[in-house]
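User: I would like a close look at a single helix in this protein. Please describe its length, its faces and its surroundings in one connected account.

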Amino acid sequence: MDLVPVLEEPLKKVLGPATAKVMAEHLGLHTVGDLLHHYPRRYEERGQLTHLADLPLDEHATVVAQVADARLLTFASPKAPRGKGQRLEVTITDGSGQLKLVFFGNGVHKPHKELLPGTRALFAGKVSVFNRRLQLAHPAYELLRGDAESETVDTWAGALIPLYPATAKLESWKIAKAVQTVLPSAQEAVDPLPDPLRSGRGLVSLPEALLKIHRPHTKADIDDARSRLKWDEAFVLQVALARRRHADAQLPAVARKPKKDGLLSAFDAKLPFTLTEGQQKVSKEIFDDLATDHPMHRLLQGEVGSGKTMVALRAMLAVVDAGGQAAMLAPTEVLAQQHHRSVTEMMGELAEGGMLGGAEDSTKVVLLTGSMGTAARRQALLDLVTGEAGLVIGTHALIEDKVQFHDLGLVVVDEQHRFGVEQRDALRGKGKQPPHLLVMTATPIPRTVAMTVFGDLETSVLDQLPAGRSPIASHVVPAADKPHFLSRAWERVREEVSNGHQAYVVCPRIGDEDDDPKKSRKKPSPEDEAEKRPPLAVLDVAEQLAKGPLQGLGVEVLHGRMPPDDKDAVMRRFAAGQTQVLVATTVIEVGVNVPNATAMVIMDADRFGVSQLHQLRGRVGRGSAAGLCLLVTEMPEASPARRRLMSVAATLDGFELSRIDLEQRREGDVLGQAQSGARTSLRMLAVIEDEEIIAEAREEATAVVTADPDLEHLPGLRTALQALLDEEREQYLEKG
């Protein structure tokens, strides 16, 4: 008999359609296996009551407590027969504090009989405030009886009560009862861990782990189960990535070794500065990869301004030296044009291949974007197919069918997270053999996240800033609490401009969009007010600044919906110092390099993510003068959004910020939940805390896949892999 389908059994067959529907809609649980992997959030000990003082307001909470007092009150009510209404007030205690429960109308009779002083029960409901005191109105409850015949004792076997992630429609103990029903199926769970690995690390079997996580008798049971289930998640995921790396290593590629005294040597000789130690070390890693006959797959991550573009350009020149072509894929036209300008400036006469005045070892550097004129586009395509152009920089226009290369040897992808899954692959498919691949990101990624998300890539890190970069001071401007701080911010911008510098003002939206017709009809509370209003817009803010606090200064706007020629013209004027203040969307987030820009004001800064704020801030302080970044927000002082902004202002260390960002977001979208639409597979594993497990799992996975790439001798692991990687997620992992 095939045992796997037991865990694939639909819940509606086992629990009935009504419960199964709620589980599917509200918790995303569809099968017996899904429910067994819906782990308790925490556990209560029978002898130790919850701290009622710690209850979160307006959240659905489950507490274990004892009834201290119960009173049935009558009051005048026009709705009740004979004008008398009834209200039951029950006070529960946990020894450290008290909480009031209230029941009204017909809902008082059952609790009046059952909730007698001394009774212990689980109570679940939404925590609210009445007369300045916390209360639960009409909570659901489950009595905890001590007699052996009680069904509750079966449901809550053992001394520890599991409390599950629940919803208003399905309380924790109902989930516990459902788990109790399917728990026998856990015995038939196929173990994905190879026996030597499991026994070598002293891990319990999967059936035992599932039993101990749902029905622990001791805290040691929970620890055993967690250790085991974390290993499952880390190992199965790392096997998926190791198989990807193994498959890539089997592909053939042309080794690209730079020739002596070629284009790269000529370029290095004319550099006005020496490369940092970090740049030299990373370049060596890349050149070693390029010299092998299977494709390089490397992630180059570096702080904003750490000189990644220089490292990538040298790799591209090495490939041209070796007779190939190199393509750089940028996420926006503004960035592609910016890269093209800076590359041709850095190369000088070396970028004038085939032209009068071009150096002997020169090549052509072409730009290819969707909005180019027909003649320029035709010439660029011709230069690529003949091999005249060794370097091409472009947007996703590079991916179109018409674009053909003479011999594509290296693909550099800038800001990987901006590209869809298929785009990177489409460009790689344009080589006669798979080209080498270098992925760059300025979003610092903690080591274990890199292993988890970019696990099919080898990682290089540039964490040293080149000489000449200036420090950036960052401050939060609380516009609602202290309006005079905002006035001072605009004064600071004027001061920077009067010193001969320039400034950016960044807004979350453009301002020419239709307002959302589905506006909430509910009146927002004062705390919600800042969040509920539409985000500030470039067009509105630019107009207000030009007429108000920045009157008399040259203010221009830049956003993604402008015609490409207009965008390029605005950027050129700003780069040349003709415009003093650029009001823009996040189109300036990556790659834009204007060393004379020293100040940045980010409006509605709470609407941006931590990494995005860090990226934006990296646009200032790129020259010899110090940078200033002002984070403007209307969020109240105690709000999480404000705390997040304080974190950004407190450190310039991108890796530290990425840890903070991840801890705040949790691991929900580490596997690209947003991109893949699938539920996160990390339920037990915390990528920051479980660094050791992930690193060890990666080693073990690499060894297993090297020995048995198709996992022929590990059917349990194959099954777990199929469950983890539905087709959609596998594609996401495969293509990064």
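Analyst: Helix H18 covers residues 483-498, where helices (H or I, at least four residues) and strands (E, at least two) are DSSP runs numbered from the N terminus. The model is predicted, so local features need pLDDT of at least 70 and side-chain atom pairs pLDDT 80 or more, while totals for chains, interfaces and linings use all residues. Residues are numbered from 1 along each chain as its sequence is written, and side-chain values use heavy atoms, leaving out hydrogens and water.

Ala489, Trp490, Val493, Glu496 and Val497 are the buried residues of H18, buried meaning under 20% relative accessible area and exposed over 50%, with partly exposed in between (1.4 Å probe, protein chains only). Viewed down the axis of H18, these residues fall within an arc of 115°, taken from the directions from the helix axis to the C-beta atoms, so they line one face of the helix. An α-helix has 3.6 residues a turn, so residues three or four places apart point the same way. His484 and Ser498, on the other side of H18, are exposed.

The cover over the buried residues of H18 includes S17, helix H20 (538-547), S19, S20 and S21, with contact meaning heavy atoms within 4.5 Å. Just after H18, Gly500 adopts a positive phi of about 90°.

Conventions. Expected span 1.5 Å × (residues − 1).
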